[in-house]
Amino acid sequence: MSAPQARGPESAPVLSRAERAAERYTDGEWHRLHPATPLLRGGIVFIAVFGFVLSNLRERLISFFVGAPDYGGDPLDAIYNHGWEGWALLGVAVVLLLCLGAFYLSWRMHSFRITGDAVEVRSGILFRTQRKARLDRIQGVNVVRPVIARLVGAAKLDISVAGHDANVQLAYLGSTLADGLRGDVLRLASGVRAAEAAATGLAGAGIPAAGAAAAGSRVAGVGDLVGRRVTEFLAPELDPNAAPPESVVKIPPLRLFGSLLLSGFTVFVVVVVAFLIWGASSGALWLLIVVLPGLIGSASFYINRFTKSLRYSIAGTADGVRVGFGLLTTSNETLPPGRIHAVEVLQPLLWRPFGWWQIRIDTAGHSREKGAAGQPNTTMLPVGDAADVSRVLSLVLPGFATEAHRGLIESGMVSAGRDDFTGSPRRAVWIRPISWQRTGFRLVDDAILLRRGFVWRSLAIVPLARLQSLELQQGPLDAALGLAEARFHTVSGPVRPRLAAIDAENGVRLFEEVSARAVAAAAVDRSHRWGLPSDAAAAEPPEIEEEH
């Protein structure tokens, strides 16, 4: 597969207004988050408590407005009868002031800074914490706009980093600022920002003019503010220059709804309903009390997954693949080049009559937010046809964008075997009686394709530059039949690159060839600094991913 094309300073695109305005936040100094952060992070709990208090005073409110008999025992009556109104009001005022003071102090003590090599966040009042994410280990940058935060023009910037629980989240920022910082962080990670600074003699310095322009742009009328909020609700990308306007894949609502119905969860629900009907007909009415609430709750499962996948989009940018989705709460994540360790194209049995497929990936770090359809953030395509799969793979693995590779991918998806893939011998029928003919592998350039599964079709693609280790395993039955199992170790994730029931001699040759190619591919890989020219990126050591 070809490496991503270098993007030097001379070929760098014109920065958007948001990116220019956000550059003053990448000056290495500490900055504070959005003023509404305490309310969005902890104030919702306070509102919930306030609503609980009101619900407990509903009798008094009804009595006040429409009249109702007084049965006594109301705490407010006791306060009124003893003349404690002033003390009660004073206590409420003190509690409110303490809450507001705690929110303000929490906001003052929560800050972040972005330097040339890391993003840092420090927080806490009594117990201080500080998190640091190295830019060369960034696996993705996700801008999430929860529905409540969108009302005040705020968003979360979630920076995924290789390692266990190593993510750094800036919650919350202004929506426009979050877009701009996403672009600046990716430019810093790619090496373009440093190259630009070296070329212009402004290394490590912000651009005051941009900051002044951003400060002037904050003065807007009420009509302009309302217009911006409406725009945020209508489009997941605030800045039209932040990503290509057209997605390469569009998921029709009917296809999305059908994929949810034809799922394992639906099979489980059907079994439960059949069991419930049988129990009700036999007189076991207690099953209705036990099972019916769960069935009603399952409706929220379908609604949540359906709304999360609406407005799904995927497009290529100069800094990687951007995936967006969501109706009320929107999410747009950018995966830089070279961060995908394995790709799997799979097809459940119930989807086969419709020709639907799903694409999952392995990365060294994951966003804290759920992905499309409420699934893990490793799902790149919730549901699509063969043409959608080809378009998504051309973004995820640019080296497979040629016609020859498309034919190879199609063969790996639907072929029953006995083709250009190296398949299992006939004696493998004793271990894989149904899928032995389909099982096979194929080495192409600097990647390996693994095909398996007859009931659940699967095609796994592993870039050899991302391979961490290779294992060839042989049990007693495999040894007796002259077979072996190959396991390709990458970072942990939903993709399991392994292939069983292959010929033992072919397995040994595969082990030797993959080992040599993986070392060669890793030596020339420059994706850790995708924005630099090849000679400049070669001077920097590649990042080392951690399995977690």
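Predicted model: local features only at pLDDT ≥ 70, side-chain atom pairs only at ≥ 80, totals over all residues.
Reader: Over how many bridges do β3 and β4 pair?
Author: Six bridges, in the antiparallel sense. Strand β4 covers residues 129-134.

Reader: How many of the residues of β3 are buried?
Author: Five of the six in residues 118-123, so β3 is largely enclosed by the rest of the structure.

Reader: New topic. In what order do the seven strands of the open sheet run?
Author: The order is β13-β12-β11-β17-β16-β15-β14, with antiparallel pairing. β13 (379-384) and β14 are the edge strands, each pairing on one side only.

Reader: What joins β12 to β13?
Author: Three bridges, with the strands antiparallel. β12 spans residues 357-363. R360 has T379 in β13 as its bridge partner.

Reader: Where is H341?
Author: In strand β11, residues 340-347.

Reader: Buried or exposed?
Author: H341 is buried, at 1% relative accessible area. Its C-alpha atom is 6.4 Å from that of V462, a residue 121 positions away along the chain.

Reader: Which residues of α17 are buried?
Author: A504, N506, G507, L510, V514, A518 and A521. Down the axis of α17 they fall within an arc of 115 degrees, so they line one face of the helix.

Reader: Why would a helix show a pattern like that?
Author: An α-helix has 3.6 residues a turn, so residues three or four places apart point the same way.

Reader: Which residues are exposed on the other side of α17?
Author: E505, E512 and V519.

Reader: And what covers the buried residues?
Author: Several strands, among them β15 (440-444), β16 (447-452), β19 (483-489) and β20 (498-503).

Reader: What happens at the start of α17?
Author: D503 has a side-chain oxygen within 3.1 Å of the backbone nitrogen of E505.

Reader: What salt bridge does D503 make?
Author: The D503 side chain meets that of R427, at 2.4 Å from N to O. R427 is in the loop between β14 and β15 and D503 is in strand β20, so the pair ties together parts 76 residues apart in sequence. D503 is buried at 14% relative accessible area, while R427 is partly exposed at 33%.

Reader: How many salt bridges are there by this rule?
Author: The count is 16.

Reader: Give me another. What does D419 pair with?
Author: R451, with the closest N and O atoms 2.8 Å apart. This links distant parts of the chain, 32 residues apart: D419 is in the loop between α15 (403-414) and β14, and R451 is in strand β16.

Reader: R451, buried or exposed?
Author: Buried, at 1% relative accessibility. D419 is partly exposed, with a relative accessible area of 27%.

Reader: Which salt bridge does E513 form?
Author: One with R517, the closest N and O atoms being 2.9 Å apart. Both residues lie in α17, four residues apart, or about one turn of the helix. E513 is partly exposed at 36%, and R517 is partly exposed at 29%.

Reader: Which residues form a network of salt bridges?
Author: R255, D385, D388 and R391 are linked that way.

Reader: What else does D385 do, at the start of α14?
Author: A side-chain oxygen of D385 comes within 3.3 Å of the backbone nitrogen of A387.

Reader: Last one. Which residues of α14 are buried?
Author: D388, V389, V392, L393 and V396, in a helix of residues 386-396. They cover an arc of only 130 degrees around the axis, which puts them on the same side of α14.

Conventions:
Residues numbered from 1 in each chain as written. Heavy atoms only, no water. Buried < 20%, exposed > 50% of the residue type's maximum accessible area, 1.4 Å probe, protein only. Helix = DSSP H or I, 4+ residues; strand = E, 2+ residues; numbered from the N terminus. Arc of directions from axis to C-beta. Contact = heavy atoms within 4.5 Å. Polar contact = N/O pair within 3.5 Å; in protein donor to acceptor, adjacent residues only side chain to side chain. Salt bridge = Lys/Arg side-chain N within 4 Å of Asp/Glu carboxyl O. Pairing = 2+ DSSP bridges.
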